[in-house]
Amino acid sequence: MASLSDRFRDPRSTEYDFLGSILVRCPACEKAARVVPAPEASVSGGRILFKPRRLVCRCCGLTREWSGRRIDLSRGTAQPATDPYFGAPLWLQVETRHGWLWAYNLEHLDLIRRFVRAPLRERAPRNLTGPRMTLLARLPTWIKRANSRDEILRAISRIQASLVAA
């Protein structure tokens with residue numbers, strides 16, 4: 001019987017759950033920057049997905065504002081991923097022999113790491129209300145395969161090391 005540390009249960013997260021703070025590569029200085037909700041976004045109504053955003057770089061001081069009505073979510077792993085608001089390349093990504101492994105922030109990366117590491121993965125029950133296809137259900141097959149586990153975990157370690165270098 002598998003121990004609790006070997007077991008992973010899908011928390012039913014979607015990609016929208018990780019859009020609160022996104023680590024990106026600054027368009028000006030190529031260092032780590034963040035895309036966060038603009039301060040005035042907390043008082044305005046509407047869907048959180050389309051609330052105004054701000055790109056902020058602590059290294060060079062670059063700030064940009066976004067208040068559009070259209071976002072472009074990254075799909076697939078054939079090319080590098082970008083943030084949905086400004087189109088800046090994500091900081092937390094690395095190319096593997098199968099494709100690009102990427103995450104919007106550290107919580108997203110940790111979810112993928114815990115999923116890949118676990119030998120026993122339990123799907124979210126279908127009878128619950130909520131999203132039908134969770135973020136983990138939408139992961140590419142090459143990430144889900146058990147024989148890719150070591151390679152994916154090494155790629156995640158390389159992504160985490162890029163944060164220390166930044």
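Is Leu23 buried or exposed? Select Leu23 and colour by accessibility: the residue is buried, at 7% relative accessibility. Buried means under 20% relative accessible area, exposed over 50%, and partly exposed in between, with a 1.4 Å probe and protein chains only.

Before going on, note that this is a predicted model, in which local features need pLDDT of at least 70, side-chain atom pairs count only at pLDDT 80 or more, and totals for chains, interfaces and linings use all residues. Residues are numbered from 1 along each chain as its sequence is written, and side-chain values use heavy atoms, with hydrogens and water left out.

**Stop 1: Leu23**

Stay on Leu23. This residue lies in strand 2, residues 22-25. Helices (H or I, at least four residues) and strands (E, at least two) are DSSP runs, numbered from the N terminus. Now show the surroundings. Beyond its neighbours within four places in sequence, Leu23 is in contact with Ala33, Arg34, Leu90, Trp91, Leu92, Tyr104 and Leu163. Contact means heavy atoms within 4.5 Å. Draw a distance from Leu23 to Trp91: C-alpha to C-alpha, the two are 5.5 Å apart in space, yet 68 residues apart in sequence.

**Stop 2: the sheet**

Two strands pair if DSSP finds at least two bridges between them. Strands of a sheet pair through backbone hydrogen bonds, either parallel or antiparallel.

Select strand 3, residues 32-37, together with strand 4. The two run antiparallel and are joined by four bridges. Pick Val36: its bridge partner in strand 4 is Arg54.

Move across to strand 5. Strand 4 and strand 5 also pair in the antiparallel sense, over four bridges. Here Leu55 has Arg64 of strand 5 as its bridge partner. Turn strand 4 on its side. Arg53 and Leu55 make up its covered face, while Arg54 and Val56 make up the uncovered one.

Follow the chain through the hairpin of strand 4 and strand 5. Six residues lie between the strands, and Gly61 takes a positive phi near 85 degrees in this hairpin.

**Stop 3: salt bridges**

How many salt bridges does a search of the whole structure find? The search finds seven. A salt bridge is a side-chain nitrogen of Lys or Arg within 4 Å of a carboxyl oxygen of Asp or Glu. Side chains of opposite charge can pair when their charged atoms come close.

Begin with Arg54 and Glu65, whose side chains meet at 2.5 Å, N to O. This pair links distant parts of the chain: Arg54 is in strand 4 (residues 53-56), Glu65 is in strand 5 (residues 63-66), and they are eleven residues apart. Arg54 is partly exposed at 22% relative accessibility. Glu65 is partly exposed too, with a relative accessible area of 47%.

Next, select Asp110. Its side chain forms a salt bridge with Arg113 at 2.3 Å, N to O, and another with Arg114 at 3.1 Å, N to O. Arg113 and Asp110 are three residues apart in helix 1 (residues 106-117), so about one helical turn separates them. Arg114 and Asp110 are four residues apart in helix 1, again about one helical turn. Asp110 is partly exposed at 27% relative accessibility, and Arg114 is partly exposed with a relative accessible area of 34%.

Finally, show Arg7, Arg9 and Glu122, which are linked in a network of salt bridges.

**Stop 4: the loops**

Select Arg12, in the loop between strand 1 and strand 2. Arg12 is not a glycine, yet has a positive phi of about 65 degrees. Arg12 is buried, with a relative accessible area of 16%.

Ser13 sits in the loop between strand 1 (7-9) and strand 2. At 13% relative accessibility, Ser13 is buried. Not counting residues up to four places away in sequence, Ser13 touches Phe18, Leu111, Thr134 and Leu135.

End at Glu30, in the loop between strand 2 and strand 3. Its phi is near 70 degrees, a positive value in a residue other than glycine. Glu30 is partly exposed, with a relative accessible area of 46%.
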